Amino acid sequence: MKSQTRCVVIGGGIAGCSTLYHLTQEGWTDVVLVERNELTSGTTWHSAAQVTNFGMNQTMVGLKTHSINLYKELAEDPEYPINYHHADGGIRLANTEAQMEGYRHFSSMARGMDVEFEVIDAEECARRHPLISTENLVGGLWDPLDGDIDPAQLCQALARRARKAGAEVYRNTPVTGLTQLKDDSWTVHTEHGDIDCEVVVNACGYRVNEVGAMMGVHHPVMSMEHQYFLTEEIPAIKEAGHRMPLLRCPISDYYSRQEKNGLLVGFYEQDCKTWGMDGIDPNFVNALCPDDLDRITDVLEGAFERMPALMEVGIHTVVNGPITYTIDGAPLVGPIPGKRNAFCIIGLRAGLGEGGGHGWLLAQQIVHGEACYDTWCLDPRRFTGHTNVELTALKAIEDYQNEFRFHFPNEHRPAGRYAKTTPLTPVLEANNAEFTVVNGWERAEYFKPSPDFHVTHSFKFDEAHDIVGEEVKAVQNAVGMAEVNGFNRFEITGADRHSFLDRMICGTVTKRDGRVGLGYLLNHHGMVKSEATVANIPASDRGPARVWYGSAAASEFHDMDWLHKHLRDDEDVQIKSLTNDQTILVLAGPNSRAVLSEVSRADWSKEAFPWLSVRECFIGIAPATVMAVSFSGELAYEIHIPNANLYSAYRSLREAGKAHGMKLFGARAVESMRMEKGFLHWKADLITEFDPFETGLDRFVKLDNEFIGKEALLKRQESGPNRKLVTLKVDCNYAAAHGGASVMIGDKVIGTVTSGDWGYRTDLNLAYAFVDPEHCAEGSSAEIDILGNMIPCTVIPSAPYDPDMTLPRG
C-alpha cells in the first residue's frame with residue numbers, strides 16, 4: 001500500500017468511484033481510494049439505480065447529462081461493457097394544473113442545457129405507459145433519456161478505468177483516523193498503515209459522519225429506510241414488445257421501472273423511518289433492514305389504483321435499505337466548511353443516477369478550484385451552524401415524504417422551522433408576518449392582512465401579489481421598516497486590513513473612516529466569487545478601527561473560508577464573525593431620515609451623514625451602527641443592532657414611525673425593488689460561470705490594481721464575453737420569468753433567466769438574463785419560455801427606477 005499520494009478518497013460506492021475516475025480525467029493520477037469492505041457494499045449495491053435527466057436547476061441537469069453520456073460510453077466499451085437500459089424514457093405524473101405549470105418551467109430550464117423534455121397530457125401518458133390508469137391524471141413530463149443501470153458493474157467500470165490511468169484502490173481497508181498537519185496536508189490512518197496526502201475526500205455514504213467525526217465536523221446528512229419490491233412476471237410487459245418507461249408518481253408517492261419481465265416498485269411512504277441516528281453496526285455490510293410492508297400500505301393502495309396490474313401479480317423480492325438525505329435534499333459536493341484540503345461527496349439520495357456528474361464536478365473543484373458550472377446548489381457551505389442532527393432528521397423526513405413534489409416559488413415547508421430566530425420573530429409573527437427561510441433564519445416575507453390568509457402555491461403571481469405592492473408603495477411614498485436577519489458580517493481588524501482587502505477585491509474600495517463601499521471578489525479564473533459591502537468604522541469605545549465586511553446571509557462559511565485561505569502569515573489581520581450577534585433593521589423611504597432623527601441625537605442631515613456613510617450611535621437606548629446604504633433604491637438606512645438590544649430599537653423606531661406613515665415590509669418587497677434598481681443577487685445573478693465584465697460590473701473593476709484573478713481576467717478579455725447580463729422587460733402580467741427559463745429567438749436558446757419579478761414602482765415585469773453578446777444591445781427583442789408560453793421581451797437599460805440614484809442621496 002502506498003504511504004503517500006496526492007488525494008485519498010474514502011468510500012467505495014458510486015460517489016468514491018466516480019470521484020477517483022474523474023480525478024484521473026482531470027490530470028491527477030497519483031490518487032487512492034480506500035474502502036472498509038468491498039466496493040459497493042453500502043447503499044450502492046441495493047440502489048434502484050434510475051438514471052434521469054430531470055433536475056431542479058441547470059447545474060443538476062448538467063451533471064445528470066454528464067452521467068448519462070458517461071454511462072452510455074461505459075456500456076458501449078467493448079473491453080468491459082455494463083448493463084445500462086439507456087433511453088427507455090420516463091414520465092413524471094401530475095394531477096393538478098399547477099404541477100403541469102412546474103413541468104413546463106423545468107422543460108424551459110432544461111432546454112438551456114440542450115436537454116429536451118416533453119409535457120404531455122393524460123392520454124399520451126397512458127399511450128406511452130399502457131399499464132397506468134388516467135383516473136385523476138392531468139398529464140406528465142416525459143424524459144426521453146430516462147433509464148436504469150447495474151450499480152455494481154458501473155462502479156467496477158469506473159474503478160477499472162481509474163486504475164488504468166494510475167489510481168489505486170485498496171479494499172478491506174478501514175480508516176481509523178484522520179490527522180491534519182501544519183501545512184494543511186493530511187494523514188489518513190488505516191488498519192493497514194498510514195497514507196500521507198494533500199487532499200482527503202469523504203465519500204462515505206451512510207457512514208459519512210463516522211469519518212466526519214475523525215476531522216471534527218458534523219455533516220447534515222441523515223439516512224432513511226427505503227423499500228421497494230420486485231414483482232413476478234407481468235404478462236402485459238412480456239407482450240409489449242418494448243421496455244416500459246420509468247414512472248414517478250407524486251400523486252401516490254411511488255415509482256416503478258421494468259425489471260426483467262416484471263416491475264421494480266419503490267415507495268416514499270408518509271409513515272417513514274430514519275435509520276442509524278444512534279450509530280451504525282460496524283458489521284452492517286451488504287446488509288438490509290427488516291422488511292416492513294405494513295408501513296407502505298397507504299402508498300401501495302395508490303399504486304394499485306394507478307397501475308391495476310400490480311393487484312394481479314405476486315411479490316418476488318422485498319428490499320429495505322438505507323439511503324442518505326441532506327437537510328434540503330440536494331447532495332453536499334465540495335469543500336468541507338472550516339477545513340483546508342478536505343472535500344466531501346455525500347448525501348447522494350439518487351447517487352447512481354447522478355453520481356457520474358457529482359464526481360465530475362468535485363474532481364474539477366479539487367484540481368482547478370472551481371467547476372465548469374456554479375456549484376452553490378451542491379456546496380456543503382450553504383448550511384451553517386444550525387444544522388444539527390435533530391433538524392437534519394426532521395428535514396430528511398419531510399423531503400422523503402415529498403420526494404416527487406417539487407418546491408413551488410415562495411413555498412416554505414414546515415419541518416424544522418424556527419431554527420434561527422431573533423427577539424423580533426414573535427413580534428413580527430404577531431403582526432401577521434409570513435416567513436421565508438434564509439440560511440435557517442426566519443425572515444418576514446410579507447405581512448398578511450389577517451392570520452388566516454394563505455396563498456395558492458403556483459408559478460404564477462399569487463394572492464400576495466397586491467399585498468407586496470402595498471408594502472412597496474409605503475416605502476416609495478412614506479417609510480417602511482424591515483428586519484434583515486442573518487446578514488453576513490465579519491469584523492476585520494489589524495494594521496494590514498486594507499491592503500488585505502485590496503488584494504481580495506477587484507476594484508478600489510474606499511479606506512476613509514466613516515465611509516462605505518461595494519466591492520467584488522473574483523476566483524483564480526477571473527470569475528465572480530463574492531460581493532461585499534465594506535464599511536470603515538473608526539476607533540471608539542466599542543472597539544479599534546475596523547472594517548465591517550458584509551455579504552449575503554447564506555455566504556457566512558463560504559466567504560470566511562475564502563478570506564482565511566488567502567491570509568498571509570506575515571499580515572496583521574484578524575477576522576471575527578458577528579453574523580449571529582447582530583441584526584439589521586432597514587428604514588427605507590422619503591420619511592426615513594425624519595424617523596431616524598426622532599430616535600437618535602446624532603445629526604442625520606444630508607450634509608452631516610451623506611449617502612454611503614457609516615457611524616456608531618444609539619437608537620433610543622440601543623447601541624447601533626448605521627449605514628446610509630439602500631437595496632431598495634429609496635433614501636434608506638441599515639441599522640445594525642446587537643440582538644440583545646434589538647427589541648428596544650424596534651420599539652423606538654415603531655413609535656417614531658407612527659407619525660410618518662411607517663409600514664412593515666418584507667423580503668418579497670425587497671426583491672421587487674432591487675430588480676428595479678439593477679441590484680444583483682448572489683448565487684442568482686452573481687455566479688462563478690461569468691466574469692465581472694460579463695456580469696455588467698465594469699465600474700467595479702480596476703485593472704491597474706493587483707488582485708486575485710486579475711491575470712485570468714485579462715486573458716479572458718482577449719476572446720470577448722461568452723454572454724452578457726441584461727435587464728429585460730417582459731410582456732406578461734400573470735407570471736414572473738423564473739430563474740432558469742430559456743430566452744429564445746425562434747428555436748434557438750440565446751440566454752437564460754437568472755431572476756425575475758414584478759416592478760411595482762415602474763409597472764414592469766422585469767427579468768435579468770445572461771444572453772449571447774449579439775443580442776444584448778438595448779432594444780433587442782426575443783422571447784422567454786414562461787410556463788410553456790413564448791412571451792416577448794425587450795432589453796432595456798439597467799435600473800429602470802431612478803437610474804441616476806438621486807433618491808438614496810437624499
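A disulfide is a pair of cysteine sulfur atoms within 2.5 Å.

**Entry: ground rules.** I'm working on a predicted model, where local features need pLDDT of at least 70, side-chain atom pairs count only at pLDDT 80 or more, and totals for chains, interfaces and linings use all residues. Residues are numbered from 1 along each chain as its sequence is written, and side-chain values use heavy atoms, with hydrogens and water left out.

**Entry: cysteines.** I searched the whole structure for disulfides and got zero. I then looked at Cys249, which is in no disulfide: the nearest cysteine sulfur belongs to Cys125 and is 10 Å away.

Is Cys249 buried or exposed? Cys249 is buried, at a relative accessible area of 0%. My cut-offs: buried is under 20% relative accessible area, exposed is over 50%, and partly exposed is in between (1.4 Å probe, protein chains only). I looked up Cys617 too, and it counts as buried at 7% relative accessibility.

**Entry: cavities.** Rolling a probe the size of a water molecule over the atoms shows where empty space is left. For me a cavity is a set of points, on a 1 Å grid over the protein atoms alone, where a 1.4 Å probe fits but cannot get out; lining residues have an atom within 4 Å of a point. Points are joined across faces, edges and corners, and a volume is the space filled by probe spheres set on them. I found five cavities of 30 Å³ or more.

**Entry: largest cavity.** Its volume is about 60 Å³. Among the lining residues I noted His498, Asp502, Lys511 and Val534. Which helix gives the largest share of this lining? Helix α13 (residues 497-504) does, with three residues. Helices (H or I, at least four residues) and strands (E, at least two) are DSSP runs, numbered from the N terminus. By class I got four nonpolar, three polar and two charged residues. Nonpolar here covers Ala, Val, Leu, Ile, Met, Phe, Trp, Tyr, Cys and Pro; charged covers Asp, Glu, Lys and Arg; the others, Gly among them, are polar.

**Entry: second largest cavity.** This one holds about 50 Å³ of space. Its lining divides into 10 nonpolar residues, no polar and one charged. Leu424, Phe447, Glu483 and Tyr650 are among the lining residues. Strands β22 (441-447) and β23 (479-484) each supply at least two residues, and β23 gives the most, three.

**Entry: annotation.** I checked UniProt: an unreviewed entry puts "domain: GCVT N-terminal" on residues 425-704. In the model, that span is 24% helix and 29% strand, and its end C-alpha atoms lie 47 Å apart.

Terms used: On a 1 Å grid over the protein atoms alone, a cavity is a set of points where a 1.4 Å probe fits but cannot get out, and a pocket is an open set with protein on both sides within 12 Å along at least five of seven lines; lining residues have an atom within 4 Å of a point. UniProt positions are given in the numbering used here, feature names are shortened, and annotations may be inferred rather than shown by experiment.
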